[in-house]
Amino acid sequence: ILVILVLCVSGMRAETARYSVPEEAARGFFVANIAKDLGLTKEELLARHARLVPEGEKQYLELNQHTGDLVVKEQMDREELCGQSEPCLVRFEMLLESPLQSFRAEVRLTDINDNSPVFLNKEIVLKMPESAMPGTRFLLESAHDPDVGNNSLQHYSISSNEYFHVYTQQRNDGGRYAELVLDRALDREQQAEVAFSITAVDGGTPPRSGTALIRVAVLDINDNIPIFTQTLYKVSVMENSSQDAIVVVVSASDLDAGTNGEIVYSIIQNSEENLQTFKINPETGQIRLKKPLDYEEKKTYEIDVQATDGGGLSTHCKVEVQVRDVNDNAPEVIITSLTSTLSEAAPPNTVVALFNVRDRDSGDNGRTTCELTGEQPFRITLLAADAYALVTSETLDREQVEEYNVTVRARDEGSPALSASKTLLVQLLDVNDNAPTFTQAIYTMVMSENEPAGRSLGRLSATDPDAGENARVRYALVLPPTGTLAAASLVSVDAESGTVRSLRPLDYEKVPAFEVTIRAADGGSPPLSAQAVLRVIVRDENDNAPVLLHPAPESSAAAELVPRWAPSGYLVAKVVAVDADAGQNAWLSYELAKATEPALFRVGLHSGEVRTARAVTERDAARQRLIVLVRDRGQPPRSATATLAVALVDDFSDAFRQLGHDPASGQQPQAAEEELLTTYLIASLCCVSSLFLLSILVWTASTLCKARVRAELPPPSPSCYADGDLSSDGVGVGSTGTLSPAYRYEMCLTSGSGRSEFQFLRPILP
């Protein structure tokens, strides 16, 4: 992760350090100790990676980071860099990092006298009429010296002669030109040509000079010279004027006739640049452009125009051309420093880039403004003239926008306005500022009872909008507090995938469900986390058989008493069972599996109540054995059986005999019942034919005998005994069998009988 360069905008330096160095200084020439001037130590220069950023494309200076010295990297020719402009400045910025700082500086190139004045023509031919009067002035071709100041051309001189002397004049732009002054009248008959040399001398030390030969041809008399309508023409031309556009028309007249009155116009070579820029029609005096003008290169031109008649007489005028600026240069956005990657945690006013705006135009055309296109969390701060900083205006969020294409637009105030744009790519580095988020607050998973360990129950999922390690989510179980049920020991969570697996088989009857807390943490530093609840439901399996509560499973058979007069639907007993399973695995059904007389009894499918299916008759066996099957609805189903021993009784004494005076037990050994049944079967098979008639006779006699006995007995005075009035050795009907103590019976006994009969009249319901 790159270190983010943060600096306060208010702490940036806006002052400009100024130095000077002579042109053509050798490589390594010492300019200044810039570190000392800026109050920086050598260690700071190295630690903060000081470097120079030139204003142009070429680097003429370099910084020694060990000493802080500013030295010349490459020789500089002032005339090549700046031409005639003064002062000639080489501008640069020194940038420091950690924190980012910028210092402006400029080096002025001082001119040295390395150029001599030069005449464009080594021989200058002048034609003068012999009638020229003493004191007449003749404009001479100027010498050119690219140096400036005192090193430029200062004065002219001519070699000794008896006719002329030279006079040095100065133009408005500071340039100097020579005028030849006639000292005495010429006489063509005495001397047809006068020759002498002219010398142009500059002001350097030592001075430099250039010479040319002047030949003055004395013409025959032509007593009228051309006269311009104006001695000075002032015009202004737009810099975007097309080539061959007319600048001005000069006009001169001559009173002579014939060839002496014919005027020819020409431009005097006072500057090579003028000859390359302007041309004149020798007949009409129209001055036109030979090439387009550029206000940024030169703002004013002075043209010397000469009008010559056919007799050789000439005169001159001056044309001053002012170039008017037009908005033909768009602003330039120059990036001096750029931080291409920025932390999303960077505070507002963090510097992203430093840049300059330059417009070569002048006035309103050169005044610029900067703006950002679109709605973005950045703004532009003005540091100094045409120096700006791009800073953040609000907090950033990489999860919303990962990178920004920031377009800086510079616009001038010309008409029409010109603009230029520069697009900067700023990428945001992620900071761990987002915790993982589960897709659900509560996850519910189902596992089967007794399912083997290692089975996958499902998968958890959490997402993190951060990037890289900050978005890598790992899962873990949150350990419960000490002393609580260690539900975390029942399942495991894969740290990478979030897959939940069981660690051991579970018993639904012990653990029907449990909850654990899952934590999802990212890989940031420090890590952020979130929690979710995992609820595991154990699905019941049919692994428990029904358990009998009544009759008790440890007893061999439960004894129940049923009176002989019991009608159909009479409640004999109630089988009660439970199943530890759940759902349909615990839904129980009851059925009669086996009975001595299956047609006599029926069992409620869901209630477990054993009732008579028909009325009890005398033919029914006194002892009945019932096996009730209790079955659940699981797959596969599980079952249990309950055995009931039912005694059909006529009176109270029969109950004693059949129960063996043990009303609490109410049971007979199964072996005795089976033996009695076998005896009955054998007797029935052996005596089926011989005893059939005898049994009818005995039954008839018994019936008649009972009727006679009842008739001879006195009328009974029955006594009713409630529950609890019987002696302790009697039959406890209320506490025997499977009936609830809430079932009570009304019974009547006749007094005075040792073996009194009893009859069940009706039940007393609570």
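Among contacts in the protein chain between residues at least 6 apart in sequence, what percentage join residues at least 24 apart? In this predicted model, the share is 67%, where contact means heavy atoms within 4.5 Å. Residues are numbered from 1 along each chain as its sequence is written, and side-chain values use heavy atoms, with hydrogens and water left out. Local features need pLDDT of at least 70 and side-chain atom pairs count only at pLDDT 80 or more, whereas totals for chains, interfaces and linings use all residues.

The protein chain contains seven helices and 54 strands. These elements are DSSP runs numbered from the N terminus, with helices (H or I) of at least four residues and strands (E) of at least two. Of its 766 residues, 40% count as buried; buried means under 20% relative accessible area, exposed over 50%, and partly exposed in between, with a 1.4 Å probe and protein chains only. The accessible surface of the protein chain comes to about 40400 Å², and carbon and sulfur atoms account for 52% of that surface. Accessible areas come from the Shrake-Rupley method with a 1.4 Å probe, and for residues only the protein chains shown count as cover.

In soluble globular proteins, nonpolar side chains tend to be buried together. A nonpolar core is here a set of buried Ala, Val, Leu, Ile, Met, Phe, Trp, Tyr and Cys residues joined through side-chain atoms within 4.5 Å. The largest nonpolar core has 29 residues, of which Tyr19, Val31, Leu61 and Met94 touch the most other members. Two or more residues of this core come from each of strand S1 (16-22), strand S2 (30-33), helix H1 (34-37), strand S4 (61-63), strand S5 (69-72), strand S6 (89-96) and strand S7 (101-110). When residues up to four places away in sequence are not counted, Tyr19 touches Val31, Ala32, Ile34, Asp37, Leu70, Ala105, Glu106, Val107 and Arg108.

Strands of a sheet pair through backbone hydrogen bonds, either parallel or antiparallel. Two strands are taken to pair if DSSP finds at least two bridges between them. S10 is joined to strand S14 (residues 176-182) by three bridges, and the two run antiparallel. Arg137 has Val181 in S14 as its bridge partner.

Arg171 is placed in the loop between S13 and S14 and is buried, with a relative accessible area of 11%. The Arg171 side chain makes a polar contact with the side chain of Ser142 at 3.1 Å. A polar contact is a pair of N or O atoms within 3.5 Å; within protein, one must be able to donate a hydrogen and the other to accept it, and residues adjacent in sequence count only if both atoms are side-chain atoms. Residues touched by Arg171, not counting those up to four places away in sequence, are Ser142, Arg176, Tyr177, Asn270, Glu302, Asp304 and Lys318.

A further open sheet has four strands in the order S26-S28-S31-S30, again with antiparallel pairing. Its edges are strand S26 (332-338) and strand S30 (378-384), each with a single partner strand, so one side of each is left without a neighbour in the sheet. The twist averages 30° from one strand to the next. Six bridges join S26 to S28, which run antiparallel, and Glu332 stands opposite Arg358 in S28. Ala345, in the loop between strand S27 (341-343) and strand S28 (351-358), is exposed at 53% relative accessible area. The C-alpha atoms of Ala345 and Arg398 are separated by 9.1 Å, with the two residues 53 apart along the chain.

Most residues other than glycine have a negative phi, and most peptide bonds are trans. His49 has a positive phi of about 50°, lies in the loop between helix H2 (42-47) and strand S3 (51-54), and is partly exposed at 46%. Ser98 has a positive phi of about 55° and lies in the loop between S6 and S7. The peptide bond from Ser415 to Pro416 is cis, with omega near 0°, and a cis peptide bond also joins His550 and Pro551, with omega about -5°.

Terms used
Axes are lines fitted to C-alpha atoms, for helices over the stretch in contact, and angles run from 0 to 180 degrees between N-to-C directions.
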